Amino acid sequence: MAEATNTYDAIVIGAGFAGLYALHKLRGQGLSVRVFEAGDGVGGTWYWNRYPGARVDVESQEYSYSFSEELEREWTWSERYASQPELLRYLNHVADRFDLRRDIRFETRVTALHWNDREQSWSVSTDDGEAWNARFVFAATGALSVPNDPDFPGKNSFNGATYHTGRWPREGVDFTGKRVAVIGTGSSAIQSIPQIAQQAAQVFVFQRTPNYAIPARNGPLDHATREDWLAKREEKRQRQRNSLLGALFADTPDTPFSQTGENERRDVLERRWAWGGLCMYNLFPDLVIDPAANASARDFVAEKIRGIVKDPDIAEKLVPRSYPIGTKRLCVDTGYYETFNRANVRLIDLKATPLDRITPDGIRTNAENFAVDAIVFAIGFDAMTGALSRIDVRGREGQTLKNAWDAGPRTYLGLMVAGFPNLFTITGPGSPSVLSNMVVSIEQHVDWIANLLAYMAPFGLKTVEPTLDAQNGWVDHVNEVSSMTLFPQANSWYVGANVPGKPRVFMPYIGGVGAYRELCAAVAANGYMGFKLRAA
Ligand code: FAD
Ligand code: NAP
């Protein structure tokens, strides 16, 4: 490691929703803070994912910061689900409004974090060869920020253009007149395929596993909705924070499926389908627990797919069969299933005819050659652990995070790792994170940690880290709660199944945003139970 040139109270890695708020909050507590961001601008997810159709699938007002009422009052969302350009404008506005840029170093990637026991601080290396020092490090590196490598045989032989949805070119892509292959049918593909199909001459969709997509029913956000939100803002924000998923659509009905009458079940399903979006998650309180509840929702969506897609064979291929609904992230679409009624769109079922290789002209399956001009890899991310695993993190006595997480990530409350003092993982594995409206979870994490630092300062406490017992207990609890659900049945990125060789561990905490918040509050109220707090 090079000699440290600059020392800060805190270093924050990443300038997405989490990094920006961490900077603002810590600065407000009088700490000196430096943010490092690999991209050349703020925004994180909304900086990198510029593919056509990219938009949030939580309602815009809900997917926004709540920490500043003024900010909320001065910003007007134009659509029910904000598009990527609008979200990026919002995050740039936040950076300007709170004068954040002066403490952010862009185009700088953190490559190593080494704990220095003598100094009780982190030595931080960046890819420009510089070294830095900080007592606290905030990994605001994102749960979905490292795109999966399209490691297909023959990939480099392709003569046409290739794109990854998670690293879309800033200037956009014109597919007019082009033959385009899209590999993947997750949320990114489901949002982009209808847009690409409107432009391209021909689209080939390569599907390994079909997903459940619920219509977004997006549209302009009217004045009355905005005014209502602002008038009831405080109450709505409180409800969000105490809800299951960090969003108001998550106000789950109380009656379990088994006690809901046949007609009412149908009514609930139809109403949620008509309302659109992620509210399908909480049709019944036991949707992801009771197989019968789940089956009824699966049958319902399958029926809808069959009603939209005109060709019965294609419809059958689009119906998910291999996992319970909701146990892979639900997708929210605008015209996805309808797209398969277009003459220029073809679905290729990779389960029936596996992808053999990429060729100079296109894609070859074991049944056919597909000549294309461009390939879009919509193949997702090395989720939750990907960004940290790409940093050389060494804690006490030189132990590496790689080793500590060899069999899957282990944290206490998703916030910290035993043996890695003063390193905070925002929306880390073991927290509600990706199972929630992430802005709500980000604010909760940053606020909780900021309170912890404020608690430590007057006592002269310099380090904090979880005990191994507390961490083991939390990991057991996270596993226990997830094993009570149908989630582990799915080969999802929640369990790392999309990355060959990744240990199969259910990574997020499924106990709910409100319950988790209460647990964190109780830990703090009990003198930060489970944490070791030490003076120098
Ligand atoms: P990010 O926004 O991912 O920011 C992390 C930043 O850290 C990145 O800019 C990255 O460049 C930087 N970084 C990482 N490693 C390093 C390093 N070593 N050195 C320097 N910089 C580094 N969530 C929802 O709740 N609702 C949604 O509708 C929703 N839609 C999504 C749509 C897409 C296409 C994707 C990919 C994710 C979506 N998410 C959604 C999840 C989304 O990631 C979060 O909502 C939120 O934006 C995460 O913010 P963050 O700051 O934690 O991470
Ligand atoms: P994803 O959900 O992981 O989907 C990736 C797709 O690529 C899957 O269909 C997967 O198939 C397929 N795939 C991966 N590797 C493949 C291979 N080697 N061969 C063939 N197919 C392969 O990724 P994503 O669509 O980018 O979404 C990731 C997450 O980001 C979402 O779940 C969501 O949390 C968030 N997101 C949200 C929105 C939104 O609507 N706001 C939009 C985009 C993303 P398998 O299923 O078989 O693995």
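A: Arg233 is in contact, meaning heavy atoms within 4.5 Å, with Ser66, Ser68, Glu69 and Glu72, once its neighbours within four places in sequence are left aside. The model is a predicted one, in which local features need pLDDT of at least 70, side-chain atom pairs count only at pLDDT 80 or more, and totals for chains, interfaces and linings use all residues. Residues are numbered from 1 along each chain as its sequence is written, chains are lettered from A and ligands numbered from 1 in the order in which they are written, and side-chain values use heavy atoms, with hydrogens and water left out.

Arg233 belongs to helix α7, residues 233-241. Helices are DSSP runs of H or I with at least four residues, strands are runs of E with at least two, and both are numbered from the N terminus. With a relative accessible area of 6%, Arg233 is buried. Buried stands for under 20% relative accessible area, exposed for over 50%, and partly exposed for what lies in between, with a 1.4 Å probe and protein chains only. The side chain of Arg233 also makes a polar contact of 3.4 Å with the side chain of Glu234. A polar contact is a pair of N or O atoms within 3.5 Å; within protein, one must be able to donate a hydrogen and the other to accept it, and residues adjacent in sequence count only if both atoms are side-chain atoms.

Leu230 sits in helix α6, residues 223-231. Its relative accessibility is 8%, so Leu230 counts as buried. Neighbours within four places in sequence aside, Leu230 is in contact with Glu72 and Arg73; Glu72 is also on the contact list of Arg233.

Next come the ligands. Ligand 1 is surrounded by 33 residues, and the closest are Glu37, Thr45, Asp57, Tyr63 and Met438. A residue is near a molecule or strand if one of its heavy atoms lies within 4 Å of it. α1 (17-28), α2 (45-48) and α14 (438-456) each supply at least two residues of this shell, and the largest share, three residues, comes from α2. A backbone N or O atom of Met438 is 2.9 Å from an oxygen atom of ligand 1. An N or O atom in the side chain of Trp48 is 3.1 Å from an oxygen atom of ligand 1, and a backbone N or O atom of Ala38 is 3.1 Å from a nitrogen atom of ligand 1. Ligand 1 taken alone exposes 970 Å², of which the protein buries 95%. Accessible areas come from the Shrake-Rupley method with a 1.4 Å probe, and for residues only the protein chains shown count as cover.

Ligand 2 has 23 residues around it, with Thr185, Ser188, Arg208, Thr209 and Lys328 coming nearest. Helix α5 (residues 187-199) gives the most to this shell, with three residues. Polar side-chain atoms of the protein lie 2.4 Å from an oxygen atom of ligand 2 at Thr209 and 2.9 Å from an oxygen atom of ligand 2 at Arg208. A polar backbone atom of Arg55 is 2.9 Å from a nitrogen atom of ligand 2. Of the 900 Å² of accessible area that ligand 2 has on its own, the protein covers 86%.

Elsewhere, helix α8 (residues 262-275) has 14 residues and reaches 20 Å from its first C-alpha to its last, close to the 20 Å expected at 1.5 Å a residue. The expected span is 1.5 Å times one less than the number of residues. Arg265, Val268, Leu269, Arg272 and Trp273 of α8 are buried. They lie on the same side of α8, because they cover an arc of only 125 degrees around the axis; the arc is that of the directions from the helix axis to the C-beta atoms. Their cover includes β10 (213-215) and α9 (291-308). Gly276 follows α8 and has a positive phi, near 90 degrees.

Leu413 is not a glycine, yet its phi is positive at about 65 degrees. Leu413 lies in the loop between α13 (401-404) and β18 (423-425) and is buried, with a relative accessible area of 1%. Tyr528 has a positive phi near 60 degrees, lies in the loop between α16 (513-525) and β20 (531-535), and is buried at 5%.
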